[in-house]
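Dear colleague,

Please find below the structure that I am handing over to you. My notes on one of its strands follow the structure.

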Amino acid sequence: METADSLIELARIVKVIGLKGELKVLPFTRTPQDLDCYSTFFIAGNERDPVEYRVESIRANPRFAVIKFAEFEGIEDAEPFIGCELLVRRAQLRKIEESEYFIRDLIGIRVHTQKGEDLGTLTDVIELPSHDIYQVGSGESELLIPAVSDYILDIDVEHGRMIVRLPEGLRDLA
């Protein structure tokens with residue numbers, strides 16, 4: 001049996017649409033279309049252990065997706081899952097390029113300058129149209145570092161560290 005800890009959250013179920021048991025989901029991915037490649041999802045939450053369900057259909061629009069699971073015949077089957085998460089096994093995730101990272105793998109890594117100064121822990125990734133911003137906090141201060149190659153020199157997820165070059169004047173803003 002899968003546990004929620006061994007699975008990756010991809011979306012949250014927000015409501016039932018129609019009488020056939022279709023579910024409106026808000027993805028944690030960059031776009032709802034990223035959910036199209038999965039034929040199954042685990043559903044967990046609301047004090048439920050993860051259970052795998054087969055996708056019958058997915059329709060995506062710019063902000064959300066509508067998913068129909070084969071096991072849900074009507075609204076009564078789907079309603080108890082409002083507020084639950086859709087999850088997949090890590091092995092099911094799409095393959096990423098060497099220079100790409102899953103946000104969940106970045107959260108919690110230690111961030112250091114190229115001179116070895118510990119800036120704190122990466123606490124959040126703010127996704128913007130032009131580039132992401134890494135939020136780094138040490139308890140006493142917080143920095144927002146542009147996630148571009150000029151400033152992010154190295155990311156070592158395996159060892160939990162990132163090396164950065166801070167933009168000139170960034171500390172003055174903190």
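Two strands are taken to pair if DSSP finds at least two bridges between them, and strands themselves are DSSP runs (E, at least two residues), numbered from the N terminus. This is a predicted model, in which local features need pLDDT of at least 70, side-chain atom pairs count only at pLDDT 80 or more, and totals for chains, interfaces and linings use all residues. Residues are numbered from 1 along each chain as its sequence is written, and side-chain values use heavy atoms, with hydrogens and water left out.

The six strands form a closed barrel in the order β1-β2-β5-β4-β3-β6, with antiparallel pairing. Direction ignored, neighbouring strands of this sheet are turned by 50° against each other on average (axes are lines fitted to C-alpha atoms).

Strand β6 (residues 85-89) is largely enclosed by the rest of the structure, because four of its five residues are buried (under 20% relative accessible area, 1.4 Å probe, protein chains only). Five bridges join β6 to the antiparallel strand β1 (residues 7-17), where I8 stands opposite V88. Three bridges join β6 to β3 (residues 40-45), also antiparallel; here I43 is the bridge partner of L86, and A44 stands opposite E85.

E85 is itself buried, with a relative accessible area of 14%. Its side chain makes a polar contact with the side chain of R12 (2.4 Å), that is, a pair of N or O atoms within 3.5 Å, of which one must be able to donate a hydrogen and the other to accept it within protein, while residues adjacent in sequence count only if both atoms are side-chain atoms.

Yours sincerely

Terms used
Buried < 20%, exposed > 50% of the residue type's maximum accessible area, 1.4 Å probe, protein only. Axes fitted to C-alpha atoms, helices over the stretch in contact; angles between N-to-C directions.
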